[in-house]
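Please keep the sequence and the structure at hand while reading.

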Amino acid sequence: MKIFVVNGPNLNRLGKREVNIYGDLSLDEINKKITNYFKNQAEIYFFQSNDEGEIISVIGEADEKYDAIVINPAAYSHYSIAILDALKGISIPSIEVHLSNIYKREDFRKISVTANAAIGVISGLGWKGYILAIEFLLNEYKDIHKNNIFA
Ligand code: DQA
């Protein structure tokens, strides 16, 4: 199974920015942990950009290349209808991940417009949220396609 992990703006600065909120691991360190964790189980591809257009473009091409997306759209979660539309416009499933618990932060973070395209959201469990999202996709992928995940 091929999984595309997409990270949005400022997540390239993980380990340096607001470590009390986002933790002290860099994005590279998190990505290595993910790769090691799923060694021999899945092919995982990573992409990070601070640019909304670039994120939209890679999502638009993801259909043909990957089986599922795990995305942390970062601040774009809260207002990018364009990323929402990109995710809605492809046929592969996505799970949205936030390192922090967006529901116990500022009001403007409590709404994710992009989450509307996701089969589910993991928020507040730090970098392990990516692991949980990928684990779910690996275990439940067949049922996701039958729209039967909770049967
Ligand atoms: C974030 C939460 C967003 O509100 C914020 O803009 C981020 C990271 C998270 O992972 O907790 O950059 O998506």
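## Helix pair α3 and α4

In α3, Glu52, Ile55, Ile56 and Ile59 meet Ala82, Ile83, Ala86 and Leu87 of α4, where contact means heavy atoms within 4.5 Å. By class, this contact of α3 with α4 has seven nonpolar residues, no polar residues and one charged residue. Ala, Val, Leu, Ile, Met, Phe, Trp, Tyr, Cys and Pro count as nonpolar, Asp, Glu, Lys and Arg as charged, and the others, Gly among them, as polar.

The model is predicted: local features need pLDDT of at least 70, side-chain atom pairs count only at pLDDT 80 or more, and totals for chains, interfaces and linings use all residues. Residues are numbered from 1 along each chain as its sequence is written, and side-chain values use heavy atoms, with hydrogens and water left out.

The axes of α3 (residues 52–65) and α4 (residues 81–88) come within 9 Å and cross at roughly 5 degrees. That makes α3 roughly parallel to α4, a term for angles under 35 degrees. Axes are lines fitted to C-alpha atoms, for helices over the stretch in contact, and angles run from 0 to 180 degrees between N-to-C directions. Helices (H or I, at least four residues) and strands (E, at least two) are DSSP runs, numbered from the N terminus.

## Largest pocket and arginine 109

The largest pocket has a volume of about 160 Å³. Of its 15 lining residues, Arg17, Tyr22, Ala74, Ala75 and Arg109 are the closest to its centre. A pocket is an open set of points on a 1 Å grid where a 1.4 Å probe fits, with protein on both sides within 12 Å along at least five of seven lines; lining residues have an atom within 4 Å of a point. The volume is the space filled by probe spheres set on the points. The lining divides into seven nonpolar, five polar and three charged residues.

Arginine 109 lies in the loop between β4 and β5. Leaving aside neighbours within four places in sequence, arginine 109 is in contact with Tyr22, His78 and Ile102.

## Loop residues

Relative accessible area is classed as buried (under 20%), exposed (over 50%) or partly exposed in between, with a 1.4 Å probe and protein chains only.

| Residue | Relative accessible area | Class |
|---|---|---|
| Arginine 109 | 17% | buried |
| Asparagine 116 | 53% | exposed |
| Asparagine 10 | 39% | partly exposed |
| Glutamate 18 | 39% | partly exposed |

Asparagine 116 touches Leu84 and Lys88, not counting residues up to four places away in sequence. Asparagine 10 has a positive phi of about 75 degrees although it is not a glycine.

Terms used: Parallel < 35°, antiparallel > 145°, perpendicular 65-115°, else oblique.
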